[in-house]
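Please keep the sequence and the structure in view while reading.

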Amino acid sequence: MGEGPGEREREEGVSPSPSSFPSPSSPRHARCELLAGRALHTSPYAELLLEAMRTSGCAVYRDRHFSCEDCDGNVSGGFDASTSQIVLCQNNIRNQGHMNRVVTHELIHAFDHCRAHVNWFTDVKHLACSEVRAANLSGDCSLGNELTRFNFGFKKHHQTCVRERALRSILAVRKVSREAAEKAVDEVFDSCFNDREPFGRIPHGKKDARFAYRDFQNRDRYYSNV
Ligand SMILES: [Zn+2]
């Protein structure tokens, strides 16, 4: 964590700028690949999501499904539903903590895409639901990651942060009015905020995420024995 003010990223951007094809061997690209690899192998959030996708029959692979690229503006990542590819914005991802959150956030979209038939482009409520879940469960709004947290009680703050982030994400990827985006978020907020799959809880830190991962593995074991 430890991020300075004014750095709260606008995530998303389903299509990165097609004009930018950085040399794969650029230092920025190599650094992005390194951070991504570490996220996939050491972040319990990412590990849980990868396993949940494997057990749902939608395994994701680092080589095939992750791509470090330069992106427009201050976008830090995106999920391309047509190819199930996760774009990591090598020009905007600042450090390992940031990479872990971006990977987790986009994996939640990939998980939603895998388990449900999501109409990403035709139904803004579907997008809103996945954005609420991604903001709620990825650590985007966890204590330590939000400088405004002292303005609210923690619980209230968390919900306010999730709502704001979901709104920003929708507005970053869809040409809809703020009113339309707010309406969509409000309509889905309660049910999607309370849908904590595959974590089973809101992981407010690595420790929580590790517990969630362990519970998920036990749950899986249980079901496989039934
Ligand atoms: Zn998102």
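## Helices against the sheet

Helix α1 (residues 27-42) lies across β1 and β3, and runs at about 145° to β1; helices (H or I, at least four residues) and strands (E, at least two) are DSSP runs numbered from the N terminus. Angles run from 0 to 180 degrees between N-to-C directions, the axes being lines fitted to C-alpha atoms, for helices over the stretch in contact, and contact requires that the C-beta atoms of two residues, placed from the backbone, lie within 7 Å. The model is predicted, with local features needing pLDDT of at least 70 and side-chain atom pairs counting only at pLDDT 80 or more, while totals for chains, interfaces and linings use all residues. Residues are numbered from 1 along each chain as its sequence is written.

Helix α4 lies across β2 and β3, at about 20° to β2. The 20 residues of α4 (residues 96-115) reach 28 Å from first C-alpha to last, close to the 28 Å expected at 1.5 Å a residue, where the expected span is 1.5 Å times one less than the number of residues. Of the 20 residues in α4, 15 are buried, a residue being buried if 20 or more other C-beta atoms lie within 10 Å of its own, exposed if 12 or fewer, and partly exposed in between, with C-beta atoms placed from the backbone.

## The three-stranded sheet

The open sheet has the strand order β1-β3-β2 with mixed pairing, two strands being paired if DSSP finds at least two bridges between them. Its edge strands, β1 (66-69) and β2 (77-80), each pair on one side only, and the twist averages 20° from one strand to the next.

Four bridges join β1 and β3 in the parallel sense, with V87 as the bridge partner of S67. Strand β3 (residues 85-89) also pairs with β2, here in the antiparallel sense and over four bridges; G78 stands opposite V87, and D80 opposite Q85. The hairpin of β2 and β3 has four residues between the strands, and S84 in the turn has a positive phi of about 55°. Because four of its five residues are buried, β3 is largely enclosed by the rest of the structure.

## The nonpolar core

The largest nonpolar core has 56 residues, and L88 and A36 are among those with the most contacts inside it; such a core is a set of buried Ala, Val, Leu, Ile, Met, Phe, Trp, Tyr and Cys residues joined through C-beta atoms within 7 Å. Helix α5 (residues 124-137) contributes the largest share of this core, eight residues.

Leaving aside residues up to four places away in sequence, L88 touches several residues, including A36, F66, G77 and V102.
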